[in-house]
Amino acid sequence: MQVYNTSAIVTGAASGLGNAVANALASEGVRVFGLDLAAAVEAAQPVPGVTFVAADITDVDDVERVVALAAEAGPLRTLVNCAGVAPSARILGRDGVHDLALYARVVGVNLVGTFNVMAFAARAIAETEADDDGQRGVVINTASIAAFDGQIGQAAYASSKGGVAALTLPAARDLAAHGIRVCTIAPGIVDTPMMAAFSDQVRDSLAATVPFPHRLARAEEFAQLALAVIAHDYLNGEVIRMDGALRMAPR
């Protein structure tokens with residue numbers, strides 16, 4: 001699919017994976033609408049071609065507003081969902097039972113929020129003119145290898161990302177009639193601002209667990225894969241692991 005002179009929505013665009021994707025799409029001549037929470041948007045560095053918009057992916061009104069902006073600048077062809085949260089808590093921990101509100105928040109942001117943006121973006125994409133192959137756009141969601149190899153303390157996170165992975169095929173089948181492809185990327189350990197909080201020793205030990213290459217993934221590599229999925233018209237309904245062959249240990 002050609003994306004030059006089209007519009008895209010990227011969630012979680014103020015930093016990390018989302019920021020890398022927003023930059024990569026903008027460099028391809030895409031008008032990018034980078035959705036993130038207000039505090040993150042205020043702290044974001046300006047990027048040519050990227051319009052940062054403060055919005056909550058779990059809020060229907062916020063999402064409809066951002067989709068309308070992108071569609072008006074249109075044609076809207078691309079959505080890349082990167083927004084997410086990753087707190088850690090055991091089902092039974094030192095402080096008792098896993099907080100249900102925390103569990104619901106993680107699933108609400110990572111899974112329900114992803115679905116919310118996808119649904120409204122798909123509606124706008126479906127209204128655009130199709131290309132010669134009947135294609136109108138592509139949705140890329142972000143899962144995690146925790147969807148398959150969830151570690152101790154990742155019950156909520158793994159549940160939410162497992163849901164994103166499981167959503168891929170039915171979403172692709174649902175949206176096929178509208179010429180919209182749906183794929184999911186499941187990254188391993190990526191060197192994002194979240195990882196910057198860890199010491200070099202911890203980062204090195206994490207990198208050593210990756211079979212090859214023996215390092216953390218780069219956000220730019222995630223963006224590179226996202227662009228490849230967008231360009232490859234026959235990729236649909238697939239969850240792609242980007243993890244250096246890593247299979248996570250229990251802890």
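Reader: Where in the chain is A245 found?

Author: A245 is found in the segment after β11 (239–242); strands are DSSP runs of E with at least two residues, helices are runs of H or I with at least four, and both are numbered from the N terminus. The model is predicted, so local features need pLDDT of at least 70, side-chain atom pairs count only at pLDDT 80 or more, and totals for chains, interfaces and linings use all residues. Residues are numbered from 1 along each chain as its sequence is written, and side-chain values use heavy atoms, with hydrogens and water left out.

Reader: Why is A245 called partly exposed?

Author: Buried means under 20% relative accessible area, exposed means over 50%, and partly exposed lies in between (1.4 Å probe, protein chains only). A245 has a relative accessible area of 47%, and therefore counts as partly exposed. Its phi is positive, about 70 degrees, although A245 is not a glycine.

Reader: What makes N5 partly exposed?

Author: The relative accessibility of N5 is 44%, so N5 counts as partly exposed. N5 lies in the segment before β1 (7–11), and its phi is near 65 degrees, a positive value in a residue other than glycine.

Reader: Why is I91 called exposed?

Author: I91 counts as exposed because its relative accessibility is 57%. I91 is placed in the loop between β4 and β5 (92–93).

Reader: Which residues form a nonpolar patch with I91?

Author: I91 forms a nonpolar surface patch with L92 and V97, and together they have about 350 Å² of accessible area.

Reader: How many disulfides does a search of the whole structure find?

Author: The search finds zero disulfides, a disulfide being a pair of cysteine sulfur atoms within 2.5 Å. C82 is in no disulfide, since the nearest cysteine sulfur, that of C183, is 14 Å away.

Reader: What makes C82 and C183 buried?

Author: C82 counts as buried because its relative accessibility is 13%. C183 is buried because its relative accessible area is 1%.

Reader: What kind of peptide bond joins G74 and P75?

Author: A cis peptide bond joins G74 and P75, with omega about 0 degrees. P75 lies in the loop between α3 (60–73) and β4 (76–81). A cis peptide bond also joins F212 and P213, with omega about -5 degrees.

Technical notes: Patches are made of residues with over 30% relative accessible area and no salt bridge: like charges are joined within 9 Å, nonpolar side chains (Val, Leu, Ile, Met, Phe, Trp, Tyr) within 5 Å. Accessible areas come from the Shrake-Rupley method with a 1.4 Å probe; for residues, only the protein chains shown count as cover. A salt bridge is a side-chain nitrogen of Lys or Arg within 4 Å of a carboxyl oxygen of Asp or Glu.
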